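Grab a pencil and have a go at these exercises before peeking at the solutions. Keep the structure open while you work.

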Amino acid sequence: MKNSGAKAGPPDKTVKREILFHGIPASPGIAIGTVMLIADSHRDLVRDVKTARITPEQVEPEITLFRQAVDRTREEIKELRTRVQSSLESHEANIFDAHFLIVDDKMLMNEVCSSVTKKLIPADAAFSQTMQKYIAAISAVPDPYLRERAADVQDVAARILSNLYGLERPKLDHLPGPRIIIARDLTPSDTALLDRSNVLAFATESGSKTSHSAILARSMRIPAIVGMSHFVERIEDGDRMIIDGFLGIAILNPEKQTVELYEQKENRKAKLYNELLRETQLQSETTDGYRIHLAANVENADTLEDVKKYGASGIGLFRTEYLYMNRATLPDEEEQFEVYRKVATAMDGQPAIIRTLDIGGDKLSEALGSYHEQNPFLGLRAVRLCLEKPEILKTQMRAILRAGVFGKIRMMFPMVSCMDELNKLLKLLEEVRSDLKNTNTKFDGSMDIGLMIEIPSAALIADKLAKKVDFFSIGTNDLVQYTLAVDRNNERVAHLYAPTNPAVLELIWRTVDAAERNGIWVGVCGEVAGDPRYVPILIGLGVKELSMSPLSIGHIRRLIRNVSMYDAERLAEQALAAETAEEALACSMEYLQKKVPEVLHQHEL
Ligand code: PEP
Ligand code: MG
């Protein structure tokens, strides 16, 4: 294997050498296969058309080609709508209505044809000029919803142009066969659309371990690497590649021996996974008898089987925001109720924590009308947005409370930053409860209500917040980001994203301490809960539940069963007293090396 090194040089398109790239491991697993390169948005096509001249004889053929491209685009949109409709079942796929309006707009089409005829310019130039005028006009309207439609217009325009040029468009939801997806960026909604039967793995230039695309990849069990700098320009569609999602390594054009090496690695890893699967019935208990609940993080009710399969003690985080993505209308109460009821029933009496809507930041919903913010992660996200649009939250609360009749559902609020927000949320909840009572609707009247601690201000007033709720769940993905002022999605500051930074540990400790004094329990549902290196410190600090991707549960159970709470508490004390994040982590790793090396080194097998 050759390292790509610092001096990359221009890409050599003739000799296919083996090249090794390093990124951030985002989702475990190994994939060997053919690359599908997702080019940057075709939207740029509209801007980039060059104006040439044509002869009068070329007018007719130009117009015919243009009309054919529009017809083909209309067919594509129809097909896309049918596919999305069937994959989302009851969801309305009217996200595409705006697209149809454009391909069926006679005035627009006439304007393009008339430009070709009168100005003697090719159809692509005439079309691009007309569309740029439209897009500029829409972008200037004050209504943010209408303004956002400019993105739809741009999408369709790019689609028409790529059909006119005969370009192949990437279809993430319908891959031509098993492929490794390579892109500069995949948004969470792109990732949610991925054709699961054919996507072998993905690697992107942007992102970090806790970006939502990475979290989704883990939940979909797709190996993934993010934060691969200067990567895309060195890759061609159809190249062969190995993705090692454990170590964050991509190998372009692997040699035969490298492929063999990875096949052996894959076998060894599969062996450990199978061994761990046989341990699902064993208690998750330390050697000195302390029980730690191992719960699952779930993004989609279709993956509930995994929760059972890997032996989770419940669902510690059901991220409901994915119900609101890739669609034009909001899910109504009935639709949500059906999903939450499915969760409650599938869990068979085990608890499931349903988190209320956490949209905003990098997770956007067309149905809610996107809006531009300078700092989306500090903006109108999660409960802030819900408190601005209380009807959306009330609908969700009704659905969750009603589903509680079918199992042990708990409700949890994300991103609370102050007491005032919590008070408002609890007041809304009271209103919903009395509406349900007044209409004789069945609901769980004693449902546990919890709070995510993911903003430092919440950790600092945990003692006050704890008096009003039944549990806390620490969202370390955000807590680390907000404590250290490090964007969780930005690969350039990923080295500063340190969950064992003493400041973060201090906030976790304060949260647990406040909870204990108020008689409530604390879980962790951020990504560190499933990462062996952090687990001894977390349980030593007093965390009672760890919620993670189902795939990690086996490893963490093996770990818990091989450590003692006595040692974990000493480690937590050392970590709190450490000067640096590295020092704290080193103590934990040294300990794990003695107790469960196979779990610590699972990535290097
Ligand atoms: C977290 O912030 O740790 C968390 C679990 O929430 P999310 O990753 O969905 O923001
Ligand atoms: Mg969060």
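Predicted model: local features only at pLDDT ≥ 70, side-chain atom pairs only at ≥ 80, totals over all residues.

**Exercise 1. Find out what surrounds ligand 1, and which residues come closest.**

Step 1: Count the neighbours, taking a residue as near if one of its heavy atoms lies within 4 Å.

Step 2: Sort the shell by residue type. Four of its residues are nonpolar, five are polar and eight are charged.

Step 3: Now look at the polar contacts, using a cut-off of 3.5 Å between N or O atoms. Arg319 has a polar side-chain atom 2.8 Å from an oxygen atom of ligand 1. In Asp478, a side-chain N or O atom is 2.9 Å from an oxygen atom of the ligand. Thr476 uses its backbone instead: an N or O atom there lies 3.1 Å from a ligand oxygen.

Step 4: Check the cover. On its own, ligand 1 has 280 Å² of accessible area, and the protein covers 100% of that.

**Exercise 2. Work out where ligand 1 sits and which elements give two or more residues to its shell.**

Step 1: Trace the elements. Helix H8 (212-219), strand E10 (315-319) and helix H17 (476-484) each give two or more residues to the shell. H17 gives the most, with three residues.

Step 2: Zoom out to the domains. Domain 3 (320-447) and domain 4 (451-605) each supply at least three shell residues.

**Exercise 3. Say what stands out about phi in Leu120 and Arg221.**

Step 1: Most residues other than glycine have a negative phi.

Step 2: Read the angles. Phi of Leu120 is near 50 degrees, a positive value. Arg221 isn't a glycine either, yet its phi is positive, at about 55 degrees.

Step 3: Leu120 is in the loop between helix H4 (106-119) and helix H5 (123-139). Arg221 is in the loop between H8 and strand E6 (224-226).

Conventions
Residues numbered from 1 in each chain as written. Chains lettered and ligands numbered in written order. Heavy atoms only, no water. Polar contact = N/O pair within 3.5 Å; in protein donor to acceptor, adjacent residues only side chain to side chain. Areas by Shrake-Rupley, 256 points an atom, 1.4 Å probe, with all protein chains shown as cover. 1 Å grid on protein atoms, 1.4 Å probe; cavity = no way out; pocket = protein on both sides within 12 Å on 5 of 7 lines; lining within 4 Å. Sits in = over half its atoms within 2 Å of the grid points. Helix = DSSP H or I, 4+ residues; strand = E, 2+ residues; numbered from the N terminus. Nonpolar A, V, L, I, M, F, W, Y, C, P; charged D, E, K, R; others polar. Domains from an automatic or database assignment.
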